[in-house]
Amino acid sequence: MTENILTLIKDGVVNGDPEQVRKYVTEAFESGMGPQDILEGGLTAGLEVMGERWNRLEVFLPEVMKSAKAMKVGFEIVKPQLGSKDSDFRMGTVVIGTVKGDVHDIGKTVVATMLIGAGFEVFDLGVDQAPSMFVDTAIEKDADIIGLSSLLTTSMAIQRDVIDLLDTLELRDRFQVMVGGAPTNQEWADTIGAQGWAADAHAAVAKAKELMETKKSS
């Protein structure tokens with residue numbers, strides 16, 4: 001029964017059907033299922049399917065966003081039930097955006113959506129954002145992670161500028177910084193002092209969770 005309900009929730013997310021998601025998330029709670037199981041086994045699992053299809057170029061952004069909206073319907077039902085008793089559930093706050101001089105949006109949007117599906121609170125700044133916008137927003141929202149996307153080699157240096165600004169303001173230890181985008185790689189992340197790099201949305205979520213574990217244990 002449990003697996004069947006989770007499958008129906010997951011299918012609702014994959015199909016972008018908010019009413020199916022609402023119906024079976026509610027039924028899952030009524031059957032006594034825990035919020036973390038619903039989130040991870042149904043809602044996030046569905047969005048991960050879409051993320052994998054996105055990486056294989058099998059779906060387009062409107063389909064991913066439709067799934068994200070369906071997932072959010074379920075997440076709003078689950079969220080109030082996530083409390084201190086769910087010690088295994090870890091949520092962090094992420095400020096994410098595409099850096100100054102770059103207006104590419106799709107990859108960053110998919111990462112932001114997947115992070116929401118994984119239980120993160122996400123503040124998406126959009127595109128063409130200056131270093132000060134990332135830092136100011138991270139301070140304002142008391143973020144854990146700053147995510148910097150760059151799809152152009154000409155804009156990669158702005159990722160370094162964000163980290164340099166954090167150093168100047170003596171805020172480097174307050175935030176975990178992740179970078180991503182087609183021209184970036186682990187070597188680049190290491191060179192500029194970013195704590196994380198990911199090649200795709202699925203890897204970005206895994207890295208964000210890893211960084212949260214590191215932050216909580218430090």
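Me: Why is D142 called exposed?

Reply: D142 has a relative accessible area of 51%. The rule is that buried means under 20% relative accessible area, exposed over 50%, and partly exposed in between (1.4 Å probe, protein chains only). The 51% of D142 is over 50%, so D142 counts as exposed. By the way, this is a predicted model, where local features need pLDDT of at least 70 and side-chain atom pairs count only at pLDDT 80 or more, while totals for chains, interfaces and linings use all residues. Residues are numbered from 1 along each chain as its sequence is written, and side-chain values use heavy atoms, with hydrogens and water left out.

Me: Where does D142 sit, and what is its phi?

Reply: D142 is in the loop between α6 (131-140) and β3 (145-149). Those labels come from DSSP runs: helices are H or I with at least four residues, strands are E with at least two, and they're numbered from the N terminus. D142 isn't a glycine, yet its phi is positive, about 50 degrees.

Me: L57 has a positive phi too, about 60 degrees. How do you know whether L57 is buried or exposed?

Reply: Check its number: L57 comes out at 73% relative accessible area, so it goes in the exposed group. This residue, which isn't a glycine either, is in the loop between α3 (35-55) and α4 (61-78).

Me: What makes F175 buried?

Reply: Its relative accessible area is 0%, which is under 20%, so F175 is buried. F175 is in the loop between α7 and β4.

Me: Which residues does F175 touch?

Reply: Contact means heavy atoms within 4.5 Å. Leaving out residues up to four places away in sequence, F175 touches A138, I139, A143, D144, I146, L166 and Q195.

Me: Why are K23 and E27 about one helical turn apart?

Reply: Because they're four residues apart in helix α2 (residues 18-30). K23 is partly exposed at 42%, and so is E27 at 27%.

Me: What makes R56 and E58 a salt bridge?

Reply: Their closest N and O atoms are 2.8 Å apart, which is within 4 Å, so R56 and E58 qualify. R56 has 48% relative accessibility and counts as partly exposed. E58, with 46%, is partly exposed as well.

Me: How do you know D124 and K108 tie together separate parts of the chain?

Reply: The closest N and O atoms of D124 and K108 are 2.9 Å apart, giving a salt bridge. D124 is in strand β2 (residues 121-124) and K108 in helix α5 (residues 106-117), so the pair ties together parts that are 16 residues apart in sequence. K108 is buried at 3%, whereas D124 is partly exposed at 36%. D105 joins K108 and D124 in a network of salt bridges.

Me: How many salt bridges are there?

Reply: The rule gives eight salt bridges.

Me: What about D173: buried or exposed?

Reply: D173 has 78% relative accessibility, so it counts as exposed. You'll find D173 in the loop between α7 (156-168) and β4 (176-180).

Terms used. A salt bridge is a side-chain nitrogen of Lys or Arg within 4 Å of a carboxyl oxygen of Asp or Glu.
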